[in-house]
Amino acid sequence: MRITRALSVSLLMLGLAVAPAAADSSPTPTDSASADEGAPTQAGTSFRTATEVEQGRTATASGSTGDYLYWSFPADAGQRPTVQATVKLPETHAAQTWQVDVYDGLRRRQSCQYGAQTRTAAADSSSVELACTLRTVRAWSETWANDPLPGTYYVRLTAVGLTTADLGLPVGTKVRVDSKDIGGSAAVDGSLAEPLVPGIAVKSEADKDGSKDSSAVLSAIEPEDGWSSGWWSDRWVWTAIGGMLAALAGVGGYALTRGSGRPSRAPQGA
């Protein structure tokens, strides 16, 4: 009876612990109209002039074939960003090959885990769609590794191998970045002192000197809950589950080995 009661209480506690984690890990639907409100309508022409765009919003821009178009977005530890780009081509054009590249805060080109990073549009195509899903952003990495780290990421969109007749033709572009929260499976033992965002070194130095000058910060966007906001993950839940299972195993083992109590034939004075 005691074992049954202990199991019931443990299962109830387990259900209460798993419910919040399941709610946090499930994707939240985003209203496209509200997400695109206030989104940028132009793109930069270099890393330094990249247009900042928040995740979940669709940035638009007009340009010309042959231009390099740049956007930037923040990505925190535990996120797996996916960059989607759509290029609306002119009515008359030759076959064009478009490519989207993603760079981290150190301007290292990041490889795509999957997605059509480069596509060739036929001469009669009205648009071309590209996608690049990065590896999961790690909270910390070795200095020699090329792992994605928390900070600003840059998107570069351009056409490659253009013919002379197609140079300068007007195009319209759309870029959107969404992330999937991977959770505790991507957690590592360590974290960066500061995210890799433009101006963070100048800002840190100003903080040490007691200066309140905010003009040195070159990056104005960050995750909604701040950097390294994903400290809570399902790893905590599985740790709690492991602890409860270990406790139940101890109770069950004790119940099996303690015997039935004092033998009835034993002398009362013994």
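Let me begin with the conventions. Residues are numbered from 1 along each chain as its sequence is written, and side-chain values use heavy atoms, with hydrogens and water left out. As the model is predicted, local features need pLDDT of at least 70 and side-chain atom pairs count only at pLDDT 80 or more, whereas totals for chains, interfaces and linings use all residues.

I turn to the overall fold. The protein chain contains 4 helices and 10 strands; helices (H or I, at least four residues) and strands (E, at least two) are DSSP runs, numbered from the N terminus. Along the sequence the pattern reads α-α-β-β-β-β-β-β-β-β-β-β-α-α. The chain has 270 residues, of which 35% count as buried. Buried here means under 20% relative accessible area, exposed means over 50%, and partly exposed lies in between (1.4 Å probe, protein chains only). Among contacts with a separation of 6 or more, 72% join residues 24 or more positions apart, where a contact means heavy atoms within 4.5 Å.

Next, the sheet arrangement. In which order do the 4 strands of the open sheet stand? The order is 2-10-4-8, with antiparallel pairing; two strands pair if DSSP finds at least two bridges between them. Strand 2 and strand 8 stand at the edges with a single partner strand each, so one side of each has no neighbour in the sheet. From one strand to the next, the twist averages 20°, with axes taken as lines fitted to C-alpha atoms, for helices over the stretch in contact, and angles running from 0 to 180 degrees between N-to-C directions. Within this sheet, strand 2 and strand 10 are joined antiparallel over 7 bridges, and S62 stands opposite G172 in strand 10.

Of its 10 residues, 9 are buried, so strand 9 is largely enclosed by the rest of the structure. Strand 3 runs antiparallel to strand 9, with 7 bridges between them, and A75 faces G151 of strand 9. Strand 5 is also antiparallel to strand 9, again through 7 bridges; here T97 stands opposite V160.

W98 touches residues at several places in the sequence, among them T65, V87, Q117, V128, L157 and V171.

The whole structure holds 4 aromatic pairs; rings of Phe, Tyr and Trp (its six-membered ring) pair if their centres lie within 6.5 Å, with planes under 30 degrees apart counted as stacked, over 60 as edge-to-face and the rest as tilted. F47 and Y103 form an edge-to-face pair, 5.2 Å centre to centre with 90° between the planes. F47 lies in the loop between helix 2 (32–36) and strand 1 (51–52) and Y103 in strand 5, so this pair ties together parts that are 56 residues apart in sequence. Both F47 and Y103 are buried. F47 also pairs edge-to-face with Y154, at 5.3 Å centre to centre and 85° between the planes. Y154 belongs to strand 9, so this second pair ties together parts that are 107 residues apart in sequence. F47, Y70, Y103 and Y154 form one aromatic cluster.

I close with two individual residues. R107, in the loop between strand 5 and strand 6 (109–110), has a phi near 60°, a positive value in a residue other than glycine. R107 is partly exposed, with a relative accessible area of 43%. P170, in strand 10, is exposed at 58% relative accessible area. The C-alpha atoms of P170 and P90 are separated by 6.4 Å, although these residues are 80 apart along the chain. Beyond its neighbours within four places in sequence, P170 contacts G63, S64 and P90.
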